[in-house]
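Try each task before reading its solution.

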Amino acid sequence: FPQFHASIYIRGEVGGGSLVSVYGPGTTWTIADTDPDNQLVLGDRGTGNLDVLNFAAVSAPRVIVGSRFSTFSPPAGTGNVNVSTDASLTSDYLTVGNNGGAGNIEVSDAGHVMADEIVIGLKTTFGGFASHGDVLVTGAGSTLEAAKGLAVGAQMGDGELIVAAGGHVTTPWLGASILFNYANAARGDVTVTGPGSRLEVGGGVGAGLEALDPREAAGADVD
């Protein structure tokens with residue numbers, strides 16, 4: 001059955017954790033798009049876990065996986081998302097590891113993750129904390145689609161994308177180790193491994209770029 005909400009925080013307290021499972025055909029959970037700032041946040045204090053399984057669907061204007069409640073409120077949280085068995089997660093903006101948090105997404109068994117813009121490993125604010133993000137897309141039929149662009153490691157963030165065992169990632173623009181005018185280097189690693197695994201980039205590819213916005217680097221000439 002469908003469920004509609006405004007912003008949702010799945011966080012647990014410090015040292016603890018929370019789990020939400022969305023399961024089964026016809027089961028949908030929607031964070032309302034009536035306000036573009038409405039968001040689904042997993043793990044901004046403790047550990048927040050989300051399982052989307054067996055043809056279920058979750059959508060939100062903004063999804064943040066692993067963050068910090070505020071710049072001056074340690075410790076950071078950890079977010080974990082599992083999208084599997086023909087289930088889907090859809091968002092306008094997806095951040096995995098934000099402002100000191102640690103985020104992990106696994107897409108497997110024909111799961112689908114779709115967003116306009118995806119950043120894996122992001123430091124978001126001046127004086128903030130470096131983050132770590134991991135995304136694994138594995139198994140035939142498993143997909144990750146960034147309709148406008150995909151950045152792996154940005155603004156001192158540390159990001160890793162692995163496409164394995166027949167997984168499929170598509171984006172018009174891919175950037176790794178993006179500085180965004182910060183003096184300290186970001187780190188981004190992208191690995192494609194195993195028969196049938198594919199990473200399709202329709203436009204530009206950038207590595208070690210410095211840009212005000214990832215789309216500004218889309219015309220970079222990288223061999």
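**Exercises on fold, core and one loop serine**

The model is predicted. Residues 24 or more positions apart account for 81% of the contacts in the protein chain with a separation of 6 or more.

**Exercise 1.** State how many helices and strands the protein chain has, and what share of its residues is buried.

*Solution.* Start with secondary structure. The protein chain has 19 strands and zero helices. Next, take burial. Of the 223 residues, 49% are buried.

**Exercise 2.** Find the residues that touch the most other members of the largest nonpolar core. Then list the contacts of Leu161.

*Solution.* The largest nonpolar core holds 36 residues. Trp29, Leu40, Leu94, Leu150 and Leu161 touch the most other members. Now leave out residues up to four places away in sequence from Leu161. Leu161 then touches Ile120, Val135, Val137, Leu144, Leu150, Val152, Val169, Asp189, Val190 and Thr191. Another core, of five residues, lies apart from the largest one; Leu122, Ala151, Ala154 and Trp173 are among its members. In soluble globular proteins, nonpolar side chains tend to be buried together.

**Exercise 3.** Decide whether Ser197 is buried or exposed, and describe its surroundings.

*Solution.* First, locate Ser197. It sits in the loop between strand 17 (187–193) and strand 18 (198–201). Second, check the area. Ser197 has a relative accessible area of 14%. The cut-off for buried is under 20%, so Ser197 is buried. The Ser197 side chain reaches the backbone oxygen of Thr193 at 2.7 Å. Last, list contacts, not counting residues up to four places away in sequence: Ser197 touches Val163, Ala164, Ala165, Gly166, Gly167 and Val192.

How values were computed: Residues numbered from 1 in each chain as written. Predicted model: local features only at pLDDT ≥ 70, side-chain atom pairs only at ≥ 80, totals over all residues. Heavy atoms only, no water. Core = buried A, V, L, I, M, F, W, Y, C linked by side-chain atoms within 4.5 Å. Buried < 20%, exposed > 50% of the residue type's maximum accessible area, 1.4 Å probe, protein only. Contact = heavy atoms within 4.5 Å. Helix = DSSP H or I, 4+ residues; strand = E, 2+ residues; numbered from the N terminus. Polar contact = N/O pair within 3.5 Å; in protein donor to acceptor, adjacent residues only side chain to side chain.
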